[in-house]
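Here is a short briefing on one protein chain. Please look over the sequence and the model before reading on.

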Amino acid sequence: MENIVSIPSLTGNTIPKYLSRCKIVNNVVIGEEAPLFKECISLGELLFEKLTNNSNIIGQIDPITDKRMTFAEMKERSVRCALWLKKQGVQRGDIIGISTHNHLDSVTSQLGCLFICACFYPMHYEYNICDSRYFLSLTKPKIVFVNADMVKTMARAAEEENLNIKFVTFGCVKGFKSFQEIIQEQQDAINDFRCSQISSLEEIVALFLSSGSTGPSKATMMSHRALINNMLYDTSFATEDQKVVMWFSPLRWIMGTITTIWSIYFCKTRIITMKLDSEETCKLLEKYNVEWFLIQPGVIVNILKRGLFQKYRLPSMKKIVTGGVATKPHLFEAIIKALPHVEIIYALGMSEICGTSSVQKQGDKVGSVGYVLKNVQLKVIDVDTGETLGPNTVGEFFWKSPYVMTGYYNNPEATRKTLSEDGWLRSGDLGYYDEDGELFVCDRITEAIRFLGHMIYPAEIEKVLQTHPAVREVAVVRSQNDIFEECPLAFVSIFSNQKVTAEELIKLVENNLEDCKHLRGGVYFLDELPHTDTGKIARKQLREMAKHIIFDDESIKNIK
């Protein structure tokens, strides 16, 4: 594998060696040990107690209506939901689907499941009939809470799959009970309600869909043990003095679910958001004095390039967390410069690791993804030989921690391919760690391009292309032609008020990167790059598009 010969630049004047945050033993990076939560108490019970003991806290604000919901109101509606579920015969471990966007009752439906130890299954909320059939048949939920505009598609999908599923709608649709109706129906004594008990922390509390970057989405089984311990030791979340929090991720994305859980457990006020627009985002951050913000890298770069950090100074902001794709150091530094009063950190994770596995702290090296969390271990494996690699050498990340998934639901073959018998989980991420144990991600294995024996990481080329002021989003994928088995091709979207040619971008890469990394596949412009339902660039779709591109002598590309 390729050796890394340069380490990204550091922020500040001096950076201490943070070996106290980890140790390296036999080429394994080992995070600080910390006591694990071992009491046989469910996640639902922990959240129920927080809501009960902090009833006056404003837990949620809907910025469209400015409606506010206290912990007491959240608890009451969640208990009513739990009571209705029990009357439908839902028992501990039964799967309940939730297919909706972020709104005041998306969390109460989730809590209703947790209170009775049902296994909640967050889904996307804009499926077509084929997707609906696949995701319903994947887990066969007993009940699905679903948006009004999707319920007929879901019901048809269930019928075509011969599934007996009861649907409850957010909103009113003839022939279906609404969430508001089932809440109002409950006349039992709310104050007498008690959460269901679990017999083991290993019981499955949730099924999270994988991102689908390596094939069809799979349902990852997450235990009470994993979710609770990750919640206690993930340092990316808001600290005690950061009371108002905001994010865009819906429940379908694991970070959308766990940040919802965290905001209750750590007694925060959440600003509910749905539509992602750069300027509207800044307005909300300013209006509600948001102090902690989770956002995708592409969005924060868009805000930066549009000059919105100069227009909206965000004086209340204390911490911004981003992650999901490889960090671009020059943009990271630009964001830090634009918001010098804000801690800007990067977090790395995936559904199979219960969200986050490593987190930066202020002062860590720009371009890194920080250090492994407490109780987490990492090793880097050569993808060709299986050898465990030392510092500054690129290989595949393998993780071990108490926060790892139990396995893929009803998919033992996929589980065996991903999770070894001794607990190591292969991530599909290519990267390395340095002598301090600090981690750096290069790319996904599925994205790596082999050009005449060289391993090329698209993120490195994307980093250069992003330096052009006209470039809004970019994704580099492998392309094939009669001359080269594989070579890089760039899909690019640009800002509406900017212009740039394919030749300019090709030249930009040629002037900044070695010959093997040049864009021999060329540049193809799209108005918008496609995205997955979790907000990531849909690289699989772009790779398929690349197969149908016709090349001409001027590197201007057209789709067949």
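Is Thr260 buried or exposed? Thr260 has a relative accessible area of 2%. Buried means under 20%, so Thr260 is buried. This is a predicted model. The points below go from the whole chain down to single residues.

**Overall shape**
- The protein chain has 560 residues and a radius of gyration of 24 Å, which agrees with the value near 24 Å for a compact globule of that length.
- Its C-alpha atoms fill a box of roughly 70 × 55 × 50 Å along the principal axes.
- The chain holds 16 helices and 30 strands.
- Of the 560 residues, 60% are buried.
- The exposed surface comes to about 23,500 Å², and carbon and sulfur atoms supply 48% of that area.
- Take the contacts between residues at least 6 apart in sequence: 69% of them join residues at least 24 apart.

**Domains**
- The domain assignment gives domain 1 (43-199), domain 2 (269-444) and domain 3 (449-551).
- The centres of domain 1 and domain 3, taken over C-alpha atoms, are separated by 42 Å.

- In soluble globular proteins, nonpolar side chains tend to be buried together.
- Here the largest nonpolar core has 129 residues, and Leu85 and Phe145 have the most contacts inside it.
- Helix α2 (residues 71-87) gives this core its largest share, eight residues.
- Domain 1 (43-199) and domain 2 (269-444) each supply at least three residues to this core.
- A second, separate core has 24 residues, including Met154, Ala158, Val173 and Leu209.
- Beyond four places in sequence, Phe145 touches Cys81, Trp84, Leu85, Ile96, Gly97, Ile98, Ser99, Ser109, Val168, Phe170, Phe179 and Ile182.

- Helix α4 spans residues 129-139, and its buried residues are Ile129, Ser132, Phe135, Leu136, Leu138 and Thr139.
- An α-helix has 3.6 residues a turn, so residues three or four places apart point the same way.
- Asn128 caps the N-terminal end of α4, with a side-chain oxygen 3.1 Å from the backbone nitrogen of Cys130.
- Helix α12 spans residues 329-338, and its buried residues are Pro329, Leu331, Phe332, Ile335 and Ala338.

- Thr260 sits in helix α8 (residues 254-265).
- Leaving aside neighbours within four places in sequence, Thr260 contacts Val107, Gln110, Trp247, Leu251 and Arg270.
- Thr220 belongs to strand β11 (residues 219-223).
- Thr220 counts as buried because its relative accessibility is 0%.
- Not counting residues up to four places away in sequence, Thr220 touches Ala206, Leu207, Phe208, Ser351, Glu352, Met405, Gly407 and Tyr408.
- Thr220 and Asp105 lie 115 residues apart in sequence, with 24 Å between their C-alpha atoms.

**Loop residues**
- Which loop holds Asp364? Asp364 lies between β17 (355-359) and β18 (371-372).
- With 4% relative accessibility, Asp364 counts as buried.
- The side chain of Asp364 reaches the backbone nitrogen of Lys361 at 2.8 Å.
- Asp364 and Tyr346 are 18 residues apart along the chain, and their C-alpha atoms are separated by 9.8 Å.
- Most residues other than glycine have a negative phi.
- Asp66 is not a glycine, yet has a positive phi of about 65°.
- Asp66 is in the loop between β3 (58-62) and β4 (67-70), and at 33% relative accessibility Asp66 counts as partly exposed.
- Asn410 is not a glycine either, and has a positive phi of about 55°.
- Asn410 is in the loop between β21 (407-408) and α13 (412-418), and at 63% relative accessibility Asn410 counts as exposed.

Definitions and conventions:
Residues numbered from 1 in each chain as written. Predicted model: local features only at pLDDT ≥ 70, side-chain atom pairs only at ≥ 80, totals over all residues. Heavy atoms only, no water. Buried < 20%, exposed > 50% of the residue type's maximum accessible area, 1.4 Å probe, protein only. Helix = DSSP H or I, 4+ residues; strand = E, 2+ residues; numbered from the N terminus. Polar contact = N/O pair within 3.5 Å; in protein donor to acceptor, adjacent residues only side chain to side chain. Core = buried A, V, L, I, M, F, W, Y, C linked by side-chain atoms within 4.5 Å. Domains from an automatic or database assignment. Contact = heavy atoms within 4.5 Å. Rg over C-alpha atoms; globule rule 2.2 N^0.38 Å. Areas by Shrake-Rupley, 256 points an atom, 1.4 Å probe, with all protein chains shown as cover.
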